[in-house]
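Student: Please take a close look at one part of this model, the salt bridges and what surrounds them. I would like one connected account.

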Amino acid sequence: MTRRIINHPVLDKIDETNVISFTFNNTVLQGLKNESLAAALLANGIRTLRVHEESGTPRGIYCNIGHCFECRVTVDGQQGVRACLTPLKEGMNVSSGETFLTSVRDWRSENE
């Protein structure tokens, strides 16, 4: 887990001793217990979490505070879970790449 800021000037030093395993798209990864799922995925080099409902373009972590819904994944069979608000737990099974249902549509004329 070398892609972490270990010594942050405001948040202090991160305790890296509570490492747990979880699965993302059938690959076993490691993260820190109770950190956000988004942080664990970023630390493991995962940037694409899902695809856009209409265009199929990749989506990842955008606001990281729960406002934008771009980081939705499926956690233990539950669709639409926001990775930025979900604490990482041992054995969590996470999947992505799915197109989630949405009533939001791009109504611009060039996209009809």
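Tutor: Buried means under 20% relative accessible area, exposed over 50%, and partly exposed in between (1.4 Å probe, protein chains only). The model is predicted, so local features need pLDDT of at least 70 and side-chain atom pairs pLDDT 80 or more, while totals for chains, interfaces and linings use all residues. Residues are numbered from 1 along each chain as its sequence is written, and side-chain values use heavy atoms, leaving out hydrogens and water.

There are two salt bridges (a side-chain nitrogen of Lys or Arg within 4 Å of a carboxyl oxygen of Asp or Glu). Glu-70 forms one with Arg-50, with the closest N and O atoms 3.2 Å apart. That pair links distant parts of the chain: Arg-50 is in strand S5 (residues 50-51), and Glu-70, 20 residues away, is in the loop between strand S6 (58-59) and S7. Strands here are DSSP E runs of at least two residues, numbered from the N terminus. Glu-70 and Arg-50 are both buried.

Glu-70 also forms a salt bridge with Arg-59, at 3.1 Å between the closest N and O atoms. Arg-59 is in strand S6, eleven residues from Glu-70. Arg-59 counts as partly exposed because its relative accessibility is 25%.

Strand S7 belongs to an open five-stranded sheet with mixed pairing, in the order S4-S3-S9-S7-S8. Strands count as paired if DSSP finds at least two bridges between them. S7 (residues 72-75) runs antiparallel to S9 (residues 93-95), joined by two bridges; Thr-74 has Ser-95 as its bridge partner in S9. S7 and S8 are also antiparallel, over three bridges, and Val-73 stands opposite Val-81 in S8. The S7-S8 hairpin has two residues between the strands, and Asp-76 there takes a positive phi near 50°.

Notes
Helix = DSSP H or I, 4+ residues; strand = E, 2+ residues; numbered from the N terminus.
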